Amino acid sequence: MAFERVCSLDDIWQGDMESFEVSGTDILLVHLEEGGIHAIQAQCPHQEVELADGSLDGAVLTCSMHLWQFDVVSGKGVNPSHAEVAKYPVKVEGDDVFVDIESIEPKFASA
Ligand code: FES
């Protein structure tokens, strides 16, 4: 495990999401309205559109392009259910957010 500091808690408000690059890997940090920060791959597994351009409703992220939906807590597809996004371990220490991208590759799904 190799956690790297990504940002401070002030950089990402609750109910908001923001893309970051961590050692050459694009990730999306999602700070849920009810609390809790989750890190997933930054691009949609369908056609690699930026998920940061999508919308967040609770823990469900909807891609802006073809409206695929993902549960950012589990990383599983809500619709379609076979799709999935890569999740990265997150830890918060004080005001700092750390993510471990090691050995985790983004996922892809064609249909
Ligand atoms: S690119 Fe995200 S749903 Fe198609």
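Helices (H or I, at least four residues) and strands (E, at least two) are DSSP runs, numbered from the N terminus. On this basis the protein has 11 strands and zero helices. Its radius of gyration, taken over C-alpha atoms, is 13 Å, close to the 13 Å of the globule rule for 111 residues, so the protein is as compact as a globular protein of that length. That rule is 2.2 Å times the number of residues to the power 0.38. The model is predicted: local features need pLDDT of at least 70 and side-chain atom pairs 80 or more, while totals for chains, interfaces and linings use all residues. Residues are numbered from 1 along each chain as its sequence is written, and side-chain values use heavy atoms, without hydrogens and water.

Along its principal axes, the C-alpha trace spans about 40 × 30 × 20 Å. Of the 111 residues, 41% count as buried (under 20% relative accessible area, 1.4 Å probe, protein chains only; exposed is over 50%, partly exposed in between).

K91 lies in strand β10, residues 90–93. Its relative accessible area is 31%, which makes K91 partly exposed. Beyond its neighbours within four places in sequence, K91 is in contact (heavy atoms within 4.5 Å) with F3, D96, V97 and F98. The charged end of K91 sits over the ring of F98, 5.8 Å from its centre; the criterion is NZ of Lys or CZ of Arg within 6 Å of the ring centre and within 35 degrees of the ring normal. R5 is 86 residues from K91 in sequence, yet 9.3 Å away in space, C-alpha to C-alpha.
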